[in-house]
Structure formats: C-alpha cells, structure tokens
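Subject: Structure for your review

Dear colleague,

Please find below the structure that I am handing over to you. My notes on it follow.

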Amino acid sequence: MDFGGDDEIRFERSGAAGIVTLTRPKALNALTHKMVLALSRALAAWQVDRDVAVVVLKAEGRAFCAGGDILKVYEAGRFGNAPVDFFADEYRLNAQIARFPKPYVSLIDGIVMGGGVGLSFHGSHRVLTENAQFAMPEVGIGFFPDVGGSHLLPDLGGYFGMYLALTGNRIRYGDALWSGLATHTISADGQIGLLERLCETGEPEAVLRNFFRPAKRETERDALEAIALLFSKPTLGDVIQSLEADKSEFAVKTLATMLTRSPTSLSVTFRQIRAGLTMSMDDCMRMEFRILNRMLVGRDFYEGIRAALIDKGSTPQWQPTRLADVDPVEIDRYFETLGDGELAL
C-alpha cells in the first residue's frame, strides 16, 4: 500500500489489520518528515476503512524508534531554516493518534525515545517486550519532552513522570508496565504469534490476554517513595533543595544527573509537566508548539546536539550554566501565544 514514505516506512494490509513498519534500522528508525506525513495519510484512510479493525505499529532492527532525526534539525537550524513544519506535522500526528477511534497497537521491542514515544504511546495499546527501553531524554540536549510528553507524563502516579522528564533516565518494561506507560508486556519471541492473531481476529484485548507475560517493577520501592516525595514539590527550586537535603544514594545520584542537564530545559520542562496535568491532548500540543518555536531560536538545543552527536562525548556549555541564573521572565516567554502562528489541529 502506497501512502508515501519511500523506503523509510512500510504499510500492509493483512486480514483485519493495517500494519505499519518503521524501516530505517541503520538510523535506529529515527523519524523523518516523510514518515510522519505517510503515517498520517494511512491513519486517515484506515479510520474510515471498515475492513481495518486494528492498526499495528512495529519496527525493523534493534530499536523501535530512537526519536526524531535531530541531526537534520541541527543542520537546518544552524543555517536559519529551523524545520518548524516538520514539528507541526509531527505534533498533528501525535494528536491524530491520540484520538484515533480504532485499536492502535504498538509492538515495542527495543529503544523507544522522543519522537518514537509520540508515535506509539498515545495509542490504545502499548505492548513492550523485555528488550524495550523507554526514555524522554530531551533535557540532556537542551530540549524538552515534546511529542505529547506534557499529556503523557503527568498522568503517571507518584510523580514518576516528572522524575523521568527532569532526569531523562531510561526505564525498562517492568517500570513501564507498573507506571501505566505500557498497557501490556510480552516475551519478545511472542511477537510473531501475536501479530498473526491480531490479523486473524482484529480484537487486541482478547489476544493480548493470551500473550501477556507479567514483568516485575525494576525501580525499588524505596526509590519510588523518594520520587513521590521529592518530585512533588511546587517549584523546581524546591525539588532541587529537597534532593540536596536528602543524603540517600538515590537522591545524590539523581541530583548529579539533573545538574548535567540544561538549566533552561529543566525550568521549561518542570512548568510544562505541571501545566499538562489539567490540559487536553490538543491543548498540550499547542503549548508544546509554542515552546518548540522558542527552543528553535535559542542556543541550548543546538549546543546539546553538538555535544551529543557532533563532538561526541563532549560536555555541553549551557547558557545560563546554573539553575539559579535562569530568569523566570525568560521562561514565561516560552509559553506565550504565537498569535497567527499557533498550531492548527
């Protein structure tokens, strides 16, 4: 089936299922503009196709989707041509997936980060294997947890979503299941059988019950209790102070991680996650688009990508360098309306 996307994304019909496969394994299935537009077209067609009962999203290779193709964003942005249109279409797709009326099953067997989270975790069924690793690591590259992170992460109990957003730490399938990010966990070797049954029946609930394999939470109870206490504070400054005052190994390690992140990104992200708790998905996407536009004309995003991907392993030089030097008025500007430039959904 040809919805575009060239050799980057494949669409098939099998029985009751519309099957989407990400086909850029050498690039860890990093998301491109072509892939975004093609998936949007496919979903629009399959939404009204009575023969499609379920959509299944999967990927080739060892990664599900490691995020957006940020090297392209970096190169374009450095020359003053920041790809706002790519992000606008990506955010529209995230919202489209969230309101898709049919079962949308993501089979995640490998790394899923950033843009890959936006493709999968707004659907009805998020199925992770023991090979899955989830992260929203954007604060480490001077960015923020976009693609609906402001809708997804605040809903996790015990301030676990705030913790993930402010640290960028990876979690495995057990934590994903117990936090509510995943709806089901299965064995990696059950994927082929699961897909076959979905194509036969088009009924994911019954099929997933048979393939479900329980996964134990990886994060210890003491750490979860610390997260619930330390990350519940009303301001980012209070979170930092609480981490500083708590001398446990977990608190010391967590604080050390956060202090390597962009102070601007941490400040924006804290406010974004707090705000998203009471906002609809569409309103979250509009808020994120406002933040995005300011990030793309800022400095830390490009500095973070330089350090991580261009001069690999180097230490980013954030501006400002300390959380104490972040101007609250500057953070306010990230959330201001774009006027005629608001995201159209």
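**The largest pocket**

The largest pocket holds about 820 Å³ of space. A pocket here is an open set of points on a 1 Å grid over the protein atoms alone, where a 1.4 Å probe fits, with protein on both sides within 12 Å along at least five of seven lines; lining residues have an atom within 4 Å of a point. Grid points are joined across faces, edges and corners, and the volume is the space filled by probe spheres set on the points.

Please note that this is a predicted model, in which local features need pLDDT of at least 70 and side-chain atom pairs count only at pLDDT 80 or more, while totals for chains, interfaces and linings use all residues. Residues are numbered from 1 along each chain as its sequence is written, and side-chain values use heavy atoms, with hydrogens and water left out.

The pocket is lined by 35 residues, of which Ala-66, Ile-70, Pro-137, Ile-141 and Leu-309 are the closest to its centre. Two or more lining residues come from each of helix 2 (70–78), helix 3 (84–98), strand 6 (111–113) and helix 15 (300–310); helices (H or I, at least four residues) and strands (E, at least two) are DSSP runs, numbered from the N terminus. Helix 15 contributes the most, with four residues. By type, the lining comprises 19 nonpolar, nine polar and seven charged residues, where Ala, Val, Leu, Ile, Met, Phe, Trp, Tyr, Cys and Pro count as nonpolar, Asp, Glu, Lys and Arg as charged, and the others, Gly among them, as polar.

With 9% relative accessibility, Glu-303 counts as buried (under 20% relative accessible area; exposed is over 50%, partly exposed in between; 1.4 Å probe, protein chains only). Glu-303 forms a salt bridge with Arg-306 at 2.7 Å, N to O; a salt bridge is a side-chain nitrogen of Lys or Arg within 4 Å of a carboxyl oxygen of Asp or Glu. Because Arg-306 and Glu-303 are three residues apart in helix 15, about one helical turn separates them. Glu-303 also pairs with Arg-299, the closest N and O atoms being 3.9 Å apart, and Arg-299 is partly exposed at 33%. A network of salt bridges links Arg-299, Asp-300, Glu-303, Arg-306 and Asp-311. Leaving aside residues up to four places away in sequence, Glu-303 touches Thr-315, Pro-316, Gln-317 and Trp-318 (contact means heavy atoms within 4.5 Å).

The count comes to 18 salt bridges. One of them joins Asp-332 to Arg-271, with the closest N and O atoms 2.6 Å apart. This pair links distant parts of the chain, as Asp-332 lies in helix 16 (residues 328–334) and Arg-271 in helix 13 (residues 263–276), 61 residues apart. Asp-332 is partly exposed at 37%, and Arg-271 is partly exposed at 32%.

**Cores and helix 6**

The largest nonpolar core has 90 residues, and Phe-121, Phe-134 and Leu-181 are among those with the most contacts inside it. Such a core is a set of buried Ala, Val, Leu, Ile, Met, Phe, Trp, Tyr and Cys residues joined through side-chain atoms within 4.5 Å. A second, separate core of 14 residues includes Val-56, Leu-107, Leu-194 and Leu-198.

Helix 6 (residues 160–167) is largely enclosed by the rest of the structure, because eight of its eight residues are buried. Just after helix 6, Gly-168 takes a positive phi of about 75°.

Yours sincerely
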